[in-house]
Amino acid sequence: MMRFVCEIGGEEHLVDADTFEAAAEAAVRAHAGTRAGTYTVNVAEANEADFPLVTGSDYTVTLPG
């Protein structure tokens, strides 16, 4: 399990997940709740101080309606 910094809609979420994709989905669910739609989230691996190690990558997540 790794820690990720995920940015979506101007909000940052710290997420513990096994993969970048899983972190993106968790951040979208935390941000969107039950609202269906397609979301883009920037995901970066976090360091010990919970700051991004490097510039993150964008992931697209679709929540079904």
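I began with contacts in the protein chain of this predicted model, and among those between residues at least 6 apart in sequence, I found that 39% join residues at least 24 apart.

Next I listed the elements, and I counted 1 helix and 4 strands in the protein chain, which run β-β-α-β-β from the N terminus on.

I then looked up how the strands are arranged, and I noted that the 4 strands form an open sheet in the order S2-S1-S3-S4, with antiparallel pairing. The edge strands are S2 (11-17) and S4 (57-63), each of which pairs on one side only, and from one strand to the next the twist averages 35°. As a reminder to myself, strands of a sheet pair through backbone hydrogen bonds, either parallel or antiparallel.

For one pair I went into more detail: strand S1 (residues 2-8) and strand S3 (residues 37-45) pair in the antiparallel sense over 4 bridges, and here I found Val5 standing opposite Ala44 in S3.

Where does helix H1 lie? I traced H1 (residues 20-32) and saw that this helix lies across S1, S2, S3 and S4, while running at about 125° to S3.

Last, I turned to the chain as a whole. The C-alpha atoms of the protein chain fill a box of roughly 35 × 20 × 15 Å along the principal axes. I compared the radius of gyration with that of a compact globule of 65 residues, which would be near 11 Å, and the chain's 11 Å agrees with this. Of the 65 residues, 31% count as buried, and the protein chain exposes about 4,000 Å², of which carbon and sulfur atoms supply 49%.

Note on methods. Residues numbered from 1 in each chain as written. Predicted model: local features only at pLDDT ≥ 70, side-chain atom pairs only at ≥ 80, totals over all residues. Heavy atoms only, no water. Pairing = 2+ DSSP bridges. Helix = DSSP H or I, 4+ residues; strand = E, 2+ residues; numbered from the N terminus. Axes fitted to C-alpha atoms, helices over the stretch in contact; angles between N-to-C directions. Contact = heavy atoms within 4.5 Å. Rg over C-alpha atoms; globule rule 2.2 N^0.38 Å. Buried < 20%, exposed > 50% of the residue type's maximum accessible area, 1.4 Å probe, protein only. Areas by Shrake-Rupley, 256 points an atom, 1.4 Å probe, with all protein chains shown as cover.
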